[in-house]
Each structure stands twice: as structure tokens, then as C-alpha cells.
Amino acid sequence: MDVLDKAKVVSGLGTADRQPYVCLSCGSAFEIQYHSCPACGGYDIRRAKWVE
Ligand SMILES: [Zn+2]
């Protein structure tokens, strides 16, 4: 996971490529768009690129 973490720092765009969806409630990122966030149960899951 060190390589991925470093890549996030370098790119500044973090998980957007591999995990394009993000929960607006808790900030968790996902590879697919869940109907509800598996981490916090929230429903505000959007494409990460739209959140910028
Ligand atoms: Zn969440």
C-alpha cells in the first residue's frame, strides 16, 4: 500500500482513477457506485471528479 499512498500524494488526485466514487458524508472512496455508503450508511455518493 506504500506505493499507492505515495502515488496519491504525488498526483494530488488520490483515488479518483481507481475509486471514482466518493461518499460526501464520510469521504470514503469506492470502485463502484453504491446506493448507500457501506462505511457510514449515507446516500450522498457522487463521482469524485464532480466533487472537485
Ligand atoms: Zn460514507
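Colleague: Which residues does Y21 touch, not counting residues up to four places away in sequence?

Modeller: Contact means heavy atoms within 4.5 Å. By that criterion, Y21 touches S28, A29, F30, E31, I32, Q33, I45, R46, R47 and A48. Please note that this is a predicted model, in which local features need pLDDT of at least 70 and side-chain atom pairs count only at pLDDT 80 or more, while totals for chains, interfaces and linings use all residues. Residues are numbered from 1 along each chain as its sequence is written, and side-chain values use heavy atoms, with hydrogens and water left out.

Colleague: In what order do the elements of the chain run from the N terminus on?

Modeller: Helices (H or I, at least four residues) and strands (E, at least two) are DSSP runs, numbered from the N terminus. Here the order is α-β-β-β-α, with two helices and three strands in the chain.

Colleague: How is the pairing of the strands to be read, parallel or antiparallel?

Modeller: Strands of a sheet pair through backbone hydrogen bonds, either parallel or antiparallel. Two strands count as paired if DSSP finds at least two bridges between them. In this model, three strands form an open sheet in the order 2-1-3, with antiparallel pairing. Strand 2 and strand 3 stand at the edges with a single partner strand each, so one side of each has no neighbour in the sheet. Strand 1 is joined to strand 2 by two bridges, and Y21 stands opposite F30 in strand 2.

Colleague: Which residues make up the largest nonpolar core?

Modeller: Such a core is a set of buried Ala, Val, Leu, Ile, Met, Phe, Trp, Tyr and Cys residues joined through side-chain atoms within 4.5 Å. Buried means under 20% relative accessible area, exposed over 50%, and partly exposed in between (1.4 Å probe, protein chains only). The five residues here are Y21, C23, F30, C37 and I45. Buried residues make up 19% of the 52 residues in the chain.

Colleague: Which atoms coordinate the zinc ion?

Modeller: Donors are N, O and S atoms within 2.8 Å of the metal (3.2 Å for Na, K and Ca); water is not among the atoms, so sites may look incomplete. The zinc ion is coordinated at 2.3 Å by the SG atoms of C23, C26, C37 and C40. Along the chain, these donors follow the spacing C-x2-C-x10-C-x2-C. C26 counts as partly exposed because its relative accessibility is 37%; C40, at 39%, is likewise partly exposed.
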